[in-house]
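I opened this model to look up its contacts, sheets and pockets, and I kept short notes as I went.

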Amino acid sequence: MKKIIPVIVALVLILIIGGVGIGGMLLEKYSYSKETADLTEYYGVTGDRLAIVLQDEIVPEQAVRRGGICYFDLDTVHTYFNEGFYVDTTEQLLLYTTAVDTYRAGIGGSSWQNGAEAKDLGYVICFIEGETVYVAADYVKMFTNYSYEVFNDLCIQVYTEWGTKELAEVTKGTQVRTLGGIKSPILRQIEKGETVEILEQMETWSKVKTSDSIIGYIENKRLSEITAETETPVTDYVPEEYTSLPMEGKVSLGWHAIGGLGGNDTLGAMVAEGKGMNVIAPTWFSLNDNEGSFRSFGSAQYVQQAHGYGLEVWGVWDNFNYKNETGSNIDSYTILSATSKRQRLVQGIISTAQSLGLDGINIDFEGLAEDVGVHYIQFLRELSVECRKNSLVLSIDNYVPFHFNEYYRLDIQGEIADYVIIMGYDEHWHGSKDPGSVASIDYVSNGLEKTLEQVPANKVVNALPFYTILWKTEGAEVTDEYITLNNVADFLQRVNVTPGWDEETCQNYAEWQSGSATYQIWVEDLESLNVKLNVMSVKDIAGVAVWRLGYGTASAWELIKAYAES
């Protein structure tokens, strides 16, 4: 017996040690981790930076806090809050243009000015650090409906949308963890009776947001039944209305190309051609320096005569004719990116329109580089304010929209302008060395479809070409020449070519050989124009424009007239 006792003791000790080991393993497996997460690492912030919790998500961008004031960088403001803020780094200005006025604040200053009105806000509205522009959150709120609140000196909770949120009460003190699991680090202790927002409910854990905007996970067994709560939206800012000056009925516009004062004498002939036209747009004005000035062929007598014919006159301002004629270095970026020059241009346009008695303004700025886009849109915003104040129709000419010219911002134009004119041609253009149609039906139809995704139909005008291009290919060389609508039939008869209908482009097409050269022409004629006008009728847009007067025929204008009166 004495020999057995030591063996039994040894066995018991082995069992105890084994039990302790197994118990430790079980304890390790099933016990709750007490590891605490570092919130600065969780938010990824240092110094005066604040993580941005937008709705229920931590976004990559961050805010800063200086002197108790929160600031967002301008890109963040544009991305999440309001695209209307514009910075002129050269003249050190922050601008915000509404439908009726422009607010100006000096960078580094604490006051804003709006015409004769001014106010000091007692904090720096905007500052620049390195190449980054920061705007005060409270100043953004002057023009934007959103809410924000800072928590734990680490994050700023922002709401820009409101709806219904799901809430649950914590039934027993527990922890909010970084992930759904008892071994996950603790973000925050949470007490019984606190309320959390349920973001996502899973089998045993729920993704929640606490009252101080910490987003993490809680066990479902610690939560009460979910209830719904309707959020109260912020409606402090009521934007001014962008009023419009629509014409009665459809627009039927003809561009009158005028290269000098003598061109005004051709008004009578152009009106005689354009039967059914109700707007004439003379190409009178072209930027002629880099200070915001322009050349003018404008004539008050012309305007009076046009009014006598029952026409509205929308003067055309362009950025290329004077430059092309003289070879001058007219730089749209230099003009539009400087507030003083932009304002000089705007005021010059308005005063000229008033002195001539114009009914409207037609902006035709072409060939703008992408970096000019933001400045061009600010110019249009500022011009639209003055047009609205002076009862002038504002129309803007645009290329057919594609991804590579999105910076012309048809969506903003559709808000601030009276008419957005799509130049539904130049699918293949003079000098492109790429034979093809000037305006196939798919090009026109798809262009209008993309435009109507951004611009209300009652503001969209489609421009038709009263010309086509004759293409000549000889070896590797491609040349071309314009043929106008009123000359194309005679030309085809002269070369003894009869075109045939091409269903793909909805145009009459001809191709022939002469010597070693191949000629191709996609004809603009009554048949092709009629198909385009039918598409425009189906899309119920605001009207039609034609490039240009002097190129048309009586029959073509009869089609235009029937469309406009339909």
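**Entry 1. A salt bridge**

I started with Asp540 and Lys250, whose side chains meet in a salt bridge at 3.9 Å, N to O. I then looked up where the two residues sit. Asp540 is in the loop between helix H14 (526-539) and strand S34 (543-547), and Lys250 is in the loop between strand S19 (227-230) and strand S20 (251-256), so the pair ties together parts that are 290 residues apart in sequence. I noted that this is a predicted model. How many salt bridges does the rule give? The count comes to 22 salt bridges. As background, side chains of opposite charge can pair when their charged atoms come close.

**Entry 2. A cis peptide bond**

The peptide bond from Trp547 to Arg548 is cis, with omega near 0°. I placed Arg548 in the loop between S34 and helix H15 (554-565).

**Entry 3. The seven-stranded sheet**

I traced an open sheet of 7 strands and wrote down the order S9-S10-S3-S2-S1-S12-S11, with mixed pairing. Which strands are at the edges? They are strand S9 (126-129) and strand S11 (147-151), each of which pairs on one side only. Ignoring direction, neighbouring strands of this sheet are turned by 35° against each other on average.

For a parallel pair I took strand S1 (residues 49-54) and strand S12 (residues 155-159), which are joined by 4 bridges in the parallel sense. Opposite Ala51 I found Cys155 in S12. Helix H3 packs on this sheet and touches S1, strand S2 (57-66), strand S3 (69-73), S10 and S12. The direction of H3 makes about 80° with that of S3.

I also stopped at Asn152, which is in the loop between S11 and S12. Phi of Asn152 is near 60°, a positive value in a residue other than glycine.

**Entry 4. The five-stranded sheet**

I then followed an open sheet of 5 strands in the order S4-S5-S6-S7-S8, where the pairing is antiparallel. Its edge strands are strand S4 (85-88) and strand S8 (117-120), each pairing on one side only. The twist from one strand to the next averages 20°.

S4 and strand S5 (residues 93-97) run antiparallel and share 4 bridges. Which residue in S5 is the bridge partner of Phe85? I found Tyr96. Helix H10 (residues 373-389) lies across S4, S5 and strand S6 (102-106), and runs at about 55° to S5.

**Entry 5. The hairpin of S29 and S30**

I counted 8 bridges between strand S29 (residues 467-474) and strand S30 (residues 477-484), an antiparallel pair. Thr473 has Val478 in S30 as its bridge partner. The hairpin has 2 residues between the strands, and Gly475 takes a positive phi near 65° there.

S29 also pairs with strand S33 (residues 517-523), running antiparallel to S33 with 4 bridges. Leu470 stands opposite Ile521 in S33.

**Entry 6. The largest pocket**

I turned to the pockets. The largest pocket has a volume of about 800 Å³. Which of its 30 lining residues are the closest to its centre? They are Glu366, Met423, Tyr425, Asp426 and Tyr467. Strand S24 (312-318), helix H7 (321-326) and strand S26 (393-399) each supply at least two residues of the lining. Sorted by class, I have 17 nonpolar, 5 polar and 8 charged residues in this lining.

**Entry 7. The second largest pocket**

The second largest pocket holds about 390 Å³ of space. Of the 19 residues that line this pocket, I listed Leu74, Val87, Thr89, Glu131 and Val133 as the closest to its centre. Helix H3 (74-81), S4, strand S10 (132-136) and H10 each give at least two residues to the lining. Which element supplies the largest share of this lining? I found that S4 does, with 4 residues. By class, the lining of the second largest pocket has 8 nonpolar, 7 polar and 4 charged residues.

How values were computed: Residues numbered from 1 in each chain as written. Predicted model: local features only at pLDDT ≥ 70, side-chain atom pairs only at ≥ 80, totals over all residues. Heavy atoms only, no water. Pairing = 2+ DSSP bridges. Axes fitted to C-alpha atoms, helices over the stretch in contact; angles between N-to-C directions. Contact = heavy atoms within 4.5 Å. 1 Å grid on protein atoms, 1.4 Å probe; cavity = no way out; pocket = protein on both sides within 12 Å on 5 of 7 lines; lining within 4 Å. Points joined across faces, edges and corners; volume = space filled by probe spheres on them. Nonpolar A, V, L, I, M, F, W, Y, C, P; charged D, E, K, R; others polar. Salt bridge = Lys/Arg side-chain N within 4 Å of Asp/Glu carboxyl O.
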